[in-house]
Amino acid sequence: MTSIIPIADLTAAADAMEARARVSAAGYAIAADHPGVGEVWGIMAETAALIIQHAEKRAVLVPVEEADRLMASLPDAAEMEAGARAHAGDPTMTDAGLTEVVDHAVAVIDVAQERLTRWAIQHRLNAWIDATERLALIGKPMAAGTHERSEARH
Amino acid sequence: MTESITKADLARRLGVSKTAVTKLVTKGLPVLSDGRLDLVDSVNWIVNHASTTDPIGRAAHAIAAGFRRADDDASNQDDGDAPTIPDLYAFSGFINDLMRGRYASQAEADKIKANALAALRVIEFMKTQAALCTVKDVAVVVGAQVARVRTRLLAMPVNTAPALARTKTPQEAYAIVDKEVREALEELSCHRPETIRKLAQQTAETK
């Protein structure tokens with residue numbers, strides 16, 4: 001059985017990942033300022049700043065195609081209509097039955113609204129998870145291939 | 001430990017633009033007599049004045065947490081040995097480890113930086129080509145649409161009650177409810193691609 005992460009926890013996770021990425025980037029900047037470190041640390045700090053800039057944009061921007069898919073999938077119309085029909089087709093339908101139809105339809109709408117909220121937070125979380133992973137690899141030797149694969153995803 | 005830094009340095013450490021730091025100065029961020037900033041005082045000021053929902057506030061909170069960890073680490077050292085790197089560095093453990101160990105060559109670092117720059121340029125290019133829209137805009141548009149339909153559905157009993165009261169068979173009632181639900185659904189599921197394209201165009205026109 002799949003458990004659904006509460007929205008508050010998802011938001012906290014996105015905040016935590018963003019904070020972690022910013023701390024990592026700040027760490028590179030501070031390390032680059034350390035007397036006696038090589039020029040390579042300056043390059044790593046600049047790379048870290050670029051990764052943060054990229055994540056900031058990725059967290060708030062979404063490809064048009066993805067937005068199209070989201071809009072097309074909200075709500076689950078078939079589910080909503082089936083529920084409404086089941087109630088409306090009941091020969092014993094009364095005022096209480098109509099309330100059930102409305103309750104069912106509103107419940108589906110609420111699920112759609114939650115799906116939208118969850119999608120926006122998940123989008124932000126993904127951007128910062130990716131940034132954190134990339135930041136962790138900046139300074140690792142032989143990591144260039146990994147980075148190329150990571151960039152190719154975007 | 002205090003360290004005086006430039007506005008550009010602070011911006012870099014917070015992962016924000018220099019303009020963002022300059023704005024904070026206009027809001028009261030303390031500046032030293034030589035125009036520079038005290039790192040610890042600046043971070044503490046931002047922690048006290050910026051919201052954690054703001055990226056600059058979150059970054060300052062994270063760095064302040066690092067300061068506290070560094071202080072804790074320093075106070076827990078009972079052998080009296082000075083840390084090999086300044087306390088400030090301790091808040092980023094993996095950087096510390098990296099500095100002590102083997103890290104990327106300049107050629108590797110250059111390549112990684114070029115890749116990071118390319119990724120950033122791609123996203124900037126896509127934005128100018130109206131291939132991206134903001135998550136916020138999408139959420140506002142879809143959210144408003146969902147809210148409209150929700151309101152309409154909640155009003156359905158009131159709106160259909162007179163007609164339902166006049167029905168004589170379940171089939172008649174079915175037809176009325178079915179029509180209402182269908183119309184509400186059509187409003188919600190009526191996806192207009194041009195709405196998203198318009199949002200993307202607006203996004204492309206913003207800086």
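The exposed residues A:Glu65, A:Arg69 and A:Ala72 sit on the face of helix 3 of chain A turned away from its buried side. The model is predicted: local features need pLDDT of at least 70, side-chain atom pairs count only at pLDDT 80 or more, and totals for chains, interfaces and linings use all residues. Residues are numbered from 1 along each chain as its sequence is written, while chains are lettered from A and ligands numbered from 1 in the order in which they are written.

The buried residues of helix 3 (residues 64-73) of chain A are A:Val64, A:Ala67, A:Leu70 and A:Met71. They lie on the same side of this helix because their arc around the axis is only 120°. The arc is taken over the directions from the helix axis to the C-beta atoms. Helices (H or I, at least four residues) and strands (E, at least two) are DSSP runs, numbered from the N terminus.

In chain B, helix 3 (residues 39-49) buries B:Leu39, B:Ser42, B:Val43 and B:Ile46. These residues fall within an arc of 95° seen down the axis, so they line one face of the helix.

B:Ala130 is found in the loop between helix 6 (106-128) and strand 3 (132-134) of chain B. Its phi is near 55°, a positive value in a residue other than glycine. B:Ala130 counts as partly exposed because it has 18 C-beta neighbours inside 10 Å.

Note on methods:
Buried ≥ 20, exposed ≤ 12 C-beta atoms within 10 Å, placed from the backbone.
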